[in-house]
Amino acid sequence: MKIVEGVCPCACKGIRRCLICEKLKEKQHLEASEPKIVHRFLYDPETGLAVCEDAAAASFPSFPFPGVFLRDDFVSEEEEEMLISAMDQDVWNESQSGRRKQDFGPKVNFKKRKVRVAGFSGLPALSRELVLRMQREPSLSGFQPVEQCNLDYHPQRGSAIDPHLDDSWLWGERLVTINMLSSTTLTMSLEQGLPELGLAEDVHVAVRLPRRSLVVLYGEARHRWKHAIRREDVQERRVCSTYRELSAEFLPGGQQAELGAQLVNIALSFQGTPI
């Protein structure tokens, strides 16, 4: 790999970092962050509770954590192998924080709130059966995704994704992800804490994602809690596919319903190639 002085051969921008750019900048002083108090909980899918992992928060051993649906073994081992093989035949584009990605969706300028249909050819053919299977889940009734984003994580690149909330102007209520090749942990965080429970500092809820599982975020978990994949939770190669539906503005009765219908028709033709 040819390295030009002052230029990183990765896709990290701003505060984003991966192991590649950190090694190149190792002689520079990296910002030291002050240790913060974090109250840690573990999500229990059987009860829907966030259970305390932190002795400092022992006075609140658990609390309801709505907005997460998990389905183990959503895809079989054979399907997983077929899906990864197909993805690896397409080009993986470098992304930030050590990730690689493949996008099947319209081009979007979120700052200007503009959507470009040109160049969007739909979701990939192999997703047809997966989407039909999703729609059979009670929590995904009527789910019509118009975007699929495949992300490739690897520990050698220090892959991660920082805490964030997904856009809610274009993307709708449910975020759906299939987790493949290795298990990981989705970290849900609330920087302002839960003062109603007496937890003034950061609150983290770890959601364990088994290999080949499906996870849906909706409600508070979608709109209030940020979600992230920490570098230390990527122990082996991990590939995930995230599917997004349209917001009410682009659905029947919304201001941009005509554009929304066009996006749905293209997406569900399942003739897509990465953009």
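Which residues does Gln 148 touch, not counting residues up to four places away in sequence? The first point below takes this up; the others cover the cores and the sheet.

1. **Gln 148.** This is a predicted model. In it, Gln 148 touches Gln 102, Asp 103, Phe 104, Leu 123, Pro 124, Ser 127, Ser 241, Thr 242 and Tyr 243, leaving aside residues up to four places away in sequence. Gln 148 sits in strand β9, residues 147–153. Its relative accessible area is 2%, so Gln 148 counts as buried, the cut-off being under 20%. The side chains of Gln 148 and Tyr 243 are joined by a polar contact of 3.4 Å.

2. **The 34-residue core.** Tyr 243 turns up again here. The largest nonpolar core holds 34 residues. Those with the most contacts inside it are Met 134, Val 176, Ile 178, Leu 214 and Tyr 243. At least two residues come from each of α2 (77–89), α3 (127–135), β11 (171–180), β14 (214–217), β16 (238–246) and α5 (257–267).

3. **Leu 214.** Not counting residues up to four places away in sequence, Leu 214 touches Phe 69, Leu 70, Arg 71, Phe 74, Met 134, Leu 140, Val 176, Thr 177 and Ile 178. Met 134, Val 176 and Ile 178 are listed with Leu 214 as having the most contacts inside the largest core.

4. **Strand β14.** Which way do the side chains of β14 point? Leu 214 and Val 216 point one way, Val 215 and Leu 217 the other, and all are buried. β14 pairs with strand β4 (residues 68–71) in the antiparallel sense, over four bridges. Arg 71 stands opposite Leu 214 in that strand, β14. β14 also pairs with β11, again antiparallel and over four bridges. There, Val 176 stands opposite Val 216.

5. **The seven-stranded sheet.** Seven strands form an open sheet with mixed pairing. Their order is β3-β2-β1-β13-β12-β15-β10. The edge strands are β3 (62–64) and β10 (161–164), each pairing on one side only. From one strand to the next, the twist averages 25 degrees.

6. What is the pairing sense of β10 and β15 (residues 226–229)? It is antiparallel, over two bridges. The bridge partner of His 164 in β15 is His 227.

How values were computed:
Residues numbered from 1 in each chain as written. Predicted model: local features only at pLDDT ≥ 70, side-chain atom pairs only at ≥ 80, totals over all residues. Heavy atoms only, no water. Pairing = 2+ DSSP bridges. Axes fitted to C-alpha atoms, helices over the stretch in contact; angles between N-to-C directions. Core = buried A, V, L, I, M, F, W, Y, C linked by side-chain atoms within 4.5 Å. Buried < 20%, exposed > 50% of the residue type's maximum accessible area, 1.4 Å probe, protein only. Contact = heavy atoms within 4.5 Å. Polar contact = N/O pair within 3.5 Å; in protein donor to acceptor, adjacent residues only side chain to side chain.
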